Amino acid sequence: MHVSQIVGDQRNNKLFWRLIIAIFAFTRNHVNSSEDDNDYFTSINGLETLMNTEQTLLIDLKDYVFKAKQQINLLEKEISKIAREHDLASQNLENYLANPVNAYKLMKRLYVDWEMYEEQIAEVINFFKLMDERRKNFHFPQLEDFEESAIALVRLQETYQLTVPEIAAGKLNGIKYGYDMTWTDCLVLGRQLFHMEAYNQTKFWLQESVKRLQQEPDKLELFPSDFLQEPTEHLVRLGDTDTALQLYKIIAKHNEDDKGSFKIKEMIQSSETLPYAGSDNGYIWETKYHKTAEFNIYGKICRGEVTKTPREQRDLRCFYVYENNKFSRLAPFKVEELNLDPEVKIFHNILSDETIEIIKKFASPHLVRSTVFSKTGNGRAKHNYRISKNAWLTYDSHPSLLRMLRDLHDVTGLDTMCSEPLQVANYGLGGHYEPHVDFFADPLQYPTHLPRVAGNRISTAIFYLSDVEQGGATAFPYLKLAVKPLKGSVLFWYNLHRSLDGDYRTRHGACPVLKGSKWIGNVWTHEGGQELIRPCALHQDHEISLPYVTAK
């Protein structure tokens with residue numbers, strides 16, 4: 001066969017794309033990511049940073065591929081010229097070399113031309129150097145980001161009872177968003193979950209990967225023959241030999257001449273089936289709380305399966321409030337009751353879009369990962385039951401923030417100057433906050449460094465700074481209540497009984513964000529300064545919430 005025909009063979013395209021894959025494998029294995037600790041997965045704001053990084057890399061890669069194709073076209077022409085010389089020489093080598101012109105061209109090619117070819121191929125190394133610089137100067141995810149992104153998908157799947165084929169098809173609760181996941185996306189996720197001991201989910205994702213690979217088997221040619229050996233072994237150990245055999249047949253079909261290919265029979269015989277492969281044994285990131293009735297109800301409320309009955313809602317009212325500010329008579333506040341005991345209300349149309357953008361602009365540069373009180377009692381710690389980033393803003397940093405406090409006073413009557421700074425939060429990939437109470441159970445945790453702030457948190461006001469397409473509701477497991485974020489509105493409730501004891505019925509959580517970017521602003525007002533506004537009762541009234549102290 002003529003060499004020029006070989007050049008046009010389909011295998012050259014395969015080699016070209018393998019070269020591209022090799023480039024990124026090199027940069028992945030030989031260049032360390034930046035050593036920042038940004039926890040990108042914890043906020044949409046952080047994920048936007050990674051998107052900007054990939055946009056730059058995409059431009060770099062497009063530029064490289066364009067130049068590489070030009071170089072390959074030039075090299076193909078040179079190969080054709082050399083091939084013609086060798087075809088002519090193969091007829092009579094001695095006679096060919098006896099021609100001084102042919103001899104000179106041979107010398108010239110080996111002394112000059114091949115050095116030029118090497119320089120052109122060296123452009124690959126230049127791309128490695130560029131990637132090295134990008135990794136030093138741009139934002140890249142860490143291992144924790146990658147692992148938590150997998151956990152987030154499982155969290156969303158479990159909370160909203162989504163199927164693997166549905167997620168892989170880009171559908172969330174029946175709504176199509178973007179493109180499908182590829183077979184490699186599903187396969188890598190399955191491998192991740194296997195190492196996290198999420199065996200049931202591993203099986204479903206690997207099965208989906210095999211199904212998608214069967215629909216486009218030619219895509220396997222881009223990967224080495226042992227790429228699928230590990231997931232095949234995972235399937236065998238999970239007891240799914242049928243899918244393992246399907247995967248093996250695909251491998252065998254594309255590697256008929258590979259004598260080093262593994263043997264499926266030996267693998268089945270030698271691999272030990274995992275003892276919990278067929279049962280719902282939970283995941284390594286789960287805690288005892290995830291097995292409680294409270295958490296089960298919380299999930300149902302997030303899905304909308306549990307709601308108040310019409311009988312339970314019949315005494316709830318909507319009304320206007322204007323008593324605390326005479327100017328409010330011209331534009332009274334709209335109040336909607338959501339629960340009477342404990343009081344839970346929503347105030348409509350409090351914030352304008354302009355004010356919301358100001359708050360987000362001020363908060364964005366200062367967002368850091370949200371923390372919780374450490375169970376050991378030593379300060380605060382990160383935990384995956386709270387996935388978000390937050391920033392604290394003082395109210396005097398902008399007039400709009402002071403107006404927020406004024407409006408909150410006008411609608412509630414509380415002395416809102418006795419409040420902690422505004423906490424602005426943005427929820428990330430599957431961002432959530434499992435059920436908790438906002439008041440401090442231990443008086444030693446009361447903030448003492450803030451002026452005019454004394455005692456416990458008497459109330460919570462959540463200012464919704466964005467709408468959320470799906471998920472992200474504020475759920476109260478004991479009140480059968482889920483409040484969907486409504487941009488510009490405020491969710492308000494009292495955390496304490498009149499006796500100033502904590503009301504455990506107000507335990508609430510932020511349902512995982514399924515689709516959208518959730519922004520909120522939290523205002524916690526304290527009991528100090530409210531003595532005449534919300535006076536204590538003459539008797540203890542906290543006994544009603546004692547059964548809810550411990551999750552069951």
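**Entry 1: Val335 and its strand**

I started at Val335, which stands opposite Phe347 in β5. This is a predicted model, so I kept in mind that local features need pLDDT of at least 70, that side-chain atom pairs count only at pLDDT 80 or more, and that totals for chains, interfaces and linings use all residues. Residues are numbered from 1 along each chain as its sequence is written, and side-chain values use heavy atoms, with hydrogens and water left out.

Strand β4 (residues 333-339) pairs with β5 in the antiparallel sense over 5 bridges. I take strands as DSSP runs of E with at least two residues, and helices as runs of H or I with at least four, numbered from the N terminus. Two strands pair if DSSP finds at least two bridges between them. I then followed the hairpin that joins β4 to β5 through 4 residues.

How many residues of β5 are buried? For strand β5 (residues 344-348) I noted 4 of 5, so I call the strand mostly covered. Buried means under 20% relative accessible area, exposed over 50%, and partly exposed in between, with a 1.4 Å probe and protein chains only. On to the next partner: β5 also pairs with strand β16 (residues 490-494), antiparallel, over 4 bridges. There, the bridge partner of Phe347 is Val490.

**Entry 2: the sheet of 9 strands**

I traced an open sheet of 9 strands in the order β3-β4-β5-β16-β12-β19-β10-β9-β6, with antiparallel pairing. At its edges stand β3 (318-321) and β6 (368-369); each has a single partner strand, so one side of each is left without a neighbour in the sheet. Helix α16 (residues 353-363) packs on this sheet and touches β9 (388-393), β10 (422-427), β12 and β19. The direction of α16 makes about 100 degrees with that of β9. For contacts I use heavy atoms within 4.5 Å.

**Entry 3: Arg457**

I looked up Arg457 in strand β12 (residues 457-464). Buried or exposed? Arg457 is buried, with a relative accessible area of 10%. Strand β12 and strand β19 (residues 519-526) run antiparallel, joined by 7 bridges, and the bridge partner of Arg457 in β19 is His526. Leaving out residues up to four places away in sequence, I listed what Arg457 touches, including Glu420, Asp438, Asn495 and Trp524. I also checked Gly528, 71 residues from Arg457 along the chain: their C-alpha atoms are separated by 9.0 Å.

**Entry 4: the sheet of 4 strands**

This open sheet has the order β11-β17-β14-β15 and antiparallel pairing. Its edge strands, β11 (433-436) and β15 (481-483), each pair on one side only. I found 2 bridges between β11 and strand β17 (residues 508-510), with His436 opposite His508. Helix α14 (residues 293-303) lies across β11, β14 (474-476), β15 and β17, running at about 125 degrees to β11. Angles run from 0 to 180 degrees between N-to-C directions, and axes are lines fitted to C-alpha atoms, for helices over the stretch in contact.

**Entry 5: two helices**

Last, I turned to helix α9 (residues 183-195) and helix α11 (residues 229-237), whose axes come within 10 Å and cross at roughly 55 degrees. The two are therefore oblique to each other; under 35 degrees counts as roughly parallel, over 145 as roughly antiparallel, 65 to 115 as roughly perpendicular and the rest as oblique. Leu187, Arg191, Phe194 and His195 in α9 meet Glu230, Pro231, His234 and Arg237 in α11.
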